[in-house]
Amino acid sequence: MKKNVAILGSTGSIGTQALDVIDKNPAIFNVEVLTARNSSKLLIDQARKFKPSYVVITAEEKYCEVCDALEHLPIQILTGEEALKEVVCIDKVDIVLSALVGYSGLFPTISAIEAGKNIALANKETLVVAGELITSLARTRRVDIYPVDSEHSAIFQCLAGEAHNPIEKIYLTASGGPFRKKSFEELKSVTPKEALKHPNWDMGNKVTIDSASLMNKGLEAIEAKWLFGLTPEQIDVIVHPQSIIHSIVQFADSSMKAQMGLPDMRLPIQYALGFPSRLKADFPRFNFLEYPELSFEKPDAQKFKNLSLAFEAMKTGGNMPCILNAANEIAVDAFLNNKLGFLDMPVLIEKTMSKINFINHPSLDDYAATDAESRQYAKTLLSR
Ligand code: MN
């Protein structure tokens, strides 16, 4: 029996790497659904190769192009945001890889959980925004959430066989990004192009900018809180520039388990899709003798204020992480379009966090409203 996979966001960085994993394991996986927002050409190529039953192109203006190109194939083609919620519910689907970017991943992921599908979660914003709601829904529906984020996959792998042993603490490792050695002064004038040059990982634009500002690690701390049921005090961040140790779990007896390997997103993707099996892979192996040293340092709180803003949002709880996330998405987009300086991103986020109404126990509608209000307010700050 093959595992039937639905990939939300198949043309992005995670989506294409997932298809690479599936392509190498044709006896194990079958692609049932592919979705893309806008990248019609790549989506068409992927559909011709993997022959899914369903394809979604969310951008309606690209619908005809995709239909024409796939006309003679037995593939159902859908369009619009709502179609994402439909295709995750299809009977045949066993696991949904949620690899959309940002807040847009939330609602399709909820639909998939409601339909009882297991989730391979690459979209960390889903848990950042609505972690309490998502994890409780997953428990009710008896759905497993397998982390795809490399740090969380590392922790998940370290927890294998430890079901009865509570976590004392986790250490999320951070590469430190391309600006680790830059001074505060120098950070004032860094460009999007410099920020997009990540030293170790090959990722999409949003997560690469988040990595440069360390917001990514802050979002990951919130993600870890929900995935592993931790308090903020149990989560620590340590900069590890070589990105060989992908994260660490510390137990009550002082023992620490770390998961390590060369930085390659295909491994956590494959572990999530193949769980509980470790599938054979020809990925390059880590060689200790090629790395004279693995080093560790404290993150610089002054240079990377986003990290402390995210911890603050996590400790406050309620809709605060949703506000943080929305403002960050606006800030990252503005930075990428040269409308905001690198060090102005945390300023915009902090102002939005202090302005938007706090809700201690938000409903799903509250999250949607908070997200919209936060974006709107953050945008007004940009136009000043
Ligand atoms: Mn990560």
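A salt bridge is a side-chain nitrogen of Lys or Arg within 4 Å of a carboxyl oxygen of Asp or Glu. In this predicted model, Asp149 and Lys124 meet that rule, with their closest N and O atoms 3.0 Å apart. Asp149 sits in the loop between β7 and α7, and Lys124 belongs to helix α6, so the pair ties together parts that are 25 residues apart in sequence. The count for the structure comes to 20 salt bridges. Side chains of opposite charge can pair when their charged atoms come close.

The protein chain is divided into three parts: domain 1 (3–147), domain 2 (149–263 + 287–301) and domain 3 (317–384).

Domain 1 and domain 3 have C-alpha centres 27 Å apart. Ten residues from domain 1 and ten residues from domain 3 take part in their contact. Together the two domains bury about 870 Å². Of this area, 67% lies on carbon and sulfur atoms. Between domain 1 and domain 3, the salt bridge count is zero. One residue pair is in polar contact across this interface, both residues being at pLDDT 80 or more.

The side of domain 1 that touches domain 3 draws on helices α5 (106–114) and α6 (124–140), each with at least two residues. Helix α6 gives the most, with five residues. By class, this side of domain 1 has eight nonpolar residues, one polar residue and one charged residue.

The whole structure holds ten aromatic pairs. One of them joins Tyr146 and Phe156.

Most residues other than glycine have a negative phi, and most peptide bonds are trans. Phe275 and Pro276 are joined by a cis peptide bond, with omega about 10°. Pro276 falls in the loop between α12 (266–274) and α13 (305–316). Leu214 has a positive phi, near 65°, although Leu214 is a residue other than glycine. The loop that holds Leu214 runs between α10 (205–213) and α11 (215–228).

Definitions and conventions
Residues numbered from 1 in each chain as written. Predicted model: local features only at pLDDT ≥ 70, side-chain atom pairs only at ≥ 80, totals over all residues. Heavy atoms only, no water. Domains from an automatic or database assignment. Contact = heavy atoms within 4.5 Å. Buried area = accessible area lost by both parts, 1.4 Å probe. Polar contact = N/O pair within 3.5 Å; in protein donor to acceptor, adjacent residues only side chain to side chain. Helix = DSSP H or I, 4+ residues; strand = E, 2+ residues; numbered from the N terminus. Nonpolar A, V, L, I, M, F, W, Y, C, P; charged D, E, K, R; others polar. Phe/Tyr/Trp six-rings, centres within 6.5 Å; stacked < 30°, edge-to-face > 60°.
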